[in-house]
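Thanks, everyone. Let me put the model up, and then I'll walk through a few parts of it.

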Amino acid sequence: LTIVNFNVGDLINTTAADVHPPLYYLILKFGMYLSGLFGISSHNLYVVRLVSIIPYPIIMAISYLKIRKDYGWLTAGLFTFALGIMSEFFLYFLIARMYSWAILFILIAFIYTKEIFTTGKIKYWAIVTVASVLCAYTHYFAAISAVCLYLIIIYYVIAKNRSQIKHLFISIVAAVLLYLPWGFTLLNQLTAIHKGFWVPRVRFDTLIQSVGYYAHCGDSIFAIIAIIILIAIAYMYKKQLKEKYTLDNFYILTGFGVYIGTIALALIVSLTFKSILLARYLMPAAAVLWLAISILISKIEDKKTMICSFALICLLLIAGTAHMVNTNMTVYNEGLTKENVFNQITQDENASLVLARLNGVIYFLDYSDRVDTYCVRYTYVFGHKMDELHETFNFTDTSENDISALVKNNTDRHFYLVNIMTWGDLNLDSEINKTTLLSDQGIEISKLTVNETRM
């Protein structure tokens with residue numbers, strides 16, 4: 001919400017400083033602009049969530065119009081249902097992050113890759129090219145998945161259909177040219193990542209959770225079960241795969257290849273450059289895998305094998321539904337707690353918000369038009385000079401050392417401190433009491449009061 005208040009140029013600079021590509025934030029800014037035309041406040045979180053939800057009905061429409069037509073109701077229904085309840089799909093279709101749009105773009109690229117295999121028409125090459133570039137402008141792991149998809153397309157063209165080499169060359173050149181404007185920024189970001197990045201080192205359980213992420217998140221046992229089920233289905237399909245080569249079989253393997261290839265490339269980068277492998281980053285690739293699984297189930301010709309495979313998938317779907325409901329309730333309850341805290345602050349006419357760390361400034365500066373706000377002064381905030389922020393937001397500069405005096409000299413005000421705990425606690429005077437109202441994901445919000453017994 002803070003970032004979308006910036007003009008387009010500053011928005012792009014901010015996302016670059018936070019090691020993100022800019023497209024999602026531009027989409028969100030446009031969505032907020034449209035909501036403003038209808039008189040809806042830019043602070044309306046439902047509008048922000050709506051922007052994240054939009055890709056899912058688009059995917060549903062694609063499933064009905066394209067996937068159902070090509071593969072039947074079973075594939076379309078299973079795929080759409082899986083994207084609603086498996087792993088963390090449901091959660092990330094509802095929160096203000098870029099994953100849902102990355103899922104949409106990589107799915108479009110994958111779906112029309114089949115048309116490249118079957119027809120080779122230039123319009124399908126154009127769709128795959130543009131969708132892949134949009135992946136790279138939305139999330140870097142979606143870009144890795146798009147690279148894996150392209151590697152398989154290159155193999156197919158060279159090994160199976162060399163008449164498409166011209167189209168392949170044009171597609172690669174076009175993709176490079178379309179991404180070139182962001183290429184130099186990406187190089188700078190890679191330098192920043194190499195100096196320091198927050199993703200923890202890859203361990204064996206990280207790899208297990210990553211491979212099983214398509215079906216479950218955060219639990220190695222369930223991840224192992226998901227991996228075993230995936231291997232079992234692939235093994236049962238192996239006989240049919242050996243007996244005859246078809247484009248459908250190759251296309252199914254392409255979906256598996258995008259998922260496994262994304263993990264493999266991320267693992268190579270993590271071991272040789274800097275750790276980047278985090279399970280949730282695999283969400284776009286996991287969506288591709290689910291489409292491949294859904295097609296595979298519908299293509300199994302042996303009735304017994306089909307029933308066994310579908311039963312195993314149903315086990316995953318049942319477990320996924322239970323996990324999704326539980327996660328939804330947990331997130332909902334946590335959200336109510338946060339909302340109550342922020343309502344307490346914004347509805348208090350005597351409230352003052354103190355943002356003590358860089359992350360706190362960029363996360364909560366949007367509240368400055370609803371509550372009196374103080375920010376600890378820094379030279380730069382995510383690529384912006386602190387002075388430039390005054391052009392967009394109404395806040396007062398302070399320093400960490402002055403926070404205690406600010407509270408003591410304004411006893412008629414109610415001060416609420418936002419601190420990023422990973423940066424360490426603040427050095428407050430002993431006369432200042434700090435009452436924690438909320439502590440979540442490293443962010444602590446506290447009420448500061450004067451300890452009158454020490455005064």
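**The sheet, then the helices**

E7 pairs with strand E8, residues 443-450, in the antiparallel sense over 8 bridges. Two strands pair here if DSSP finds at least two bridges between them. Helices (H or I, at least four residues) and strands (E, at least two) are DSSP runs, numbered from the N terminus. As one example of a bridge, Ile432 has Val450 in E8 as its partner.

Before going on, the ground rules. This is a predicted model, where local features need pLDDT of at least 70, side-chain atom pairs count only at pLDDT 80 or more, and totals for chains, interfaces and linings use all residues. Residues are numbered from 1 along each chain as its sequence is written, and side-chain values use heavy atoms, with hydrogens and water left out.

Back to the sheet. It is open, with 6 strands in the order E5-E2-E1-E6-E8-E7 and mixed pairing. Strand E5 (396-398) and strand E7 (432-440) stand at the edges; each has a single partner strand, so one side of each is left without a neighbour in the sheet. The twist averages 25° from one strand to the next.

Which helix lies across E7 and E8? Helix H15, residues 303-346; it also lies across strand E1 (351-355) and strand E6 (414-420), and runs at about 140° to E7. Axes are lines fitted to C-alpha atoms, for helices over the stretch in contact, and angles run from 0 to 180 degrees between N-to-C directions.

Now the core. A nonpolar core is a set of buried Ala, Val, Leu, Ile, Met, Phe, Trp, Tyr and Cys residues joined through side-chain atoms within 4.5 Å. Buried means under 20% relative accessible area, with a 1.4 Å probe and protein chains only. The largest core has 150 residues, and Leu83, Phe89, Tyr214 and Trp290 touch the most other members. Leaving aside neighbours within four places in sequence, Tyr214 has contacts (heavy atoms within 4.5 Å) that include Met86, Phe89, Tyr259 and Trp290.

Next, Leu78, in helix H5, residues 73-85. Leu78 is at 6% relative accessibility, so it counts as buried. Beyond four places in sequence, Leu78 touches Trp73, Ser294, Ile297, Ile313 and Leu317.

Last, Ser52, in helix H3, residues 45-53. Buried or exposed? Ser52 counts as buried, because its relative accessibility is 0%. A polar atom of the Ser52 side chain lies 2.6 Å from the backbone oxygen of Ile95. Beyond four places in sequence, Ser52 also has contacts including Tyr24, Phe93 and Trp101.

Note on methods. Buried means under 20% relative accessible area, exposed over 50%, partly exposed in between (1.4 Å probe, protein chains only). A polar contact is a pair of N or O atoms within 3.5 Å; within protein, one must be able to donate a hydrogen and the other to accept it, and residues adjacent in sequence count only if both atoms are side-chain atoms.
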